[in-house]
Amino acid sequence: MDSKELLTVITGALTSVTDPHYYEDERGFQGEFYAQLRMRMGKIALPQGALLREEYQKRLEEHGLRIRPDIILHEPFDPARHRGRDEGNHAVMELKRRATSGTAADAFTNLVAMIDALNYPIGVFINIDSSKTWAEAVPEVHRARVACLAVHLDENGEPLVVRG
């Protein structure tokens, strides 16, 4: 799967969240963003069986870590198709509203852990209701695999996405 195409679809979904009410809390924004993203996923070539999932719990005994990412794009594990749970993972997303350096660092810690343990080709950090991407806080060794986006409403009430 092409990461550039995926980021284009993610950006399109982010710019489709236009109601100011969704920018008031992370959970509300996540739900509307997920709905917009799911509608657009057909615009890119997805691997067979790939699903977009919200808050899919990663279990220590199965996945090697205990993290609940906000959104993932993956193929559910099938021993007939996958040698391990580190196959068939395509993208992992962490969302934060008005992230601080501390909450962004926590999100990057989670993204890096999932990228390393489960072989996600790309992790996406989305800072809601902010123009700050915190891209400079991504560990240097992972910068090629972590995309940082920020989305906020501009002075005209239009969604604006910033890429870090």
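In the predicted model, Asn89 belongs to strand β3, which spans residues 89-97. With a relative accessibility of 7%, Asn89 falls under the 20% limit and therefore counts as buried. Its side chain comes to 2.8 Å from the backbone oxygen of Leu118. Leaving aside residues up to four places away in sequence, Asn89 is in contact with Leu73, His74, Leu118, Asn119, Tyr120 and Pro121.

Side chains of opposite charge can pair when their charged atoms come close. Across the whole structure, three salt bridges are found. One of them links Asp129 to Arg97, with 3.3 Å between the closest N and O atoms. Asp129 is located in the loop between β4 (122-128) and β5 (146-153), whereas Arg97 is part of strand β3, so this pair ties together parts 32 residues apart in sequence. Arg97 is partly exposed, at 27% relative accessibility.

Asp129 also forms a salt bridge with Arg98, at an N to O distance of 2.6 Å. Because Arg98 sits in the loop between β3 and α4 (101-118) and Asp129 in the loop between β4 and β5, the pair ties together parts that are 31 residues apart in sequence. The relative accessible area of Arg98 is 48%, and the residue is partly exposed.

A further salt bridge joins the side chains of Glu136 and Lys132, at 2.7 Å from N to O. Glu136 is partly exposed at 46% relative accessibility, and Lys132 is likewise partly exposed, with a relative accessible area of 34%. Through shared partners, salt bridges connect Arg97, Arg98 and Asp129 into one network.

Conventions. Residues are numbered from 1 along each chain as its sequence is written. This is a predicted model: local features need pLDDT of at least 70, side-chain atom pairs count only at pLDDT 80 or more; totals for chains, interfaces and linings use all residues. Side-chain values use heavy atoms; hydrogens and water are left out. Helices (H or I, at least four residues) and strands (E, at least two) are DSSP runs, numbered from the N terminus. Buried means under 20% relative accessible area, exposed over 50%, partly exposed in between (1.4 Å probe, protein chains only). A polar contact is a pair of N or O atoms within 3.5 Å; within protein, one must be able to donate a hydrogen and the other to accept it, and residues adjacent in sequence count only if both atoms are side-chain atoms. Contact means heavy atoms within 4.5 Å. A salt bridge is a side-chain nitrogen of Lys or Arg within 4 Å of a carboxyl oxygen of Asp or Glu.
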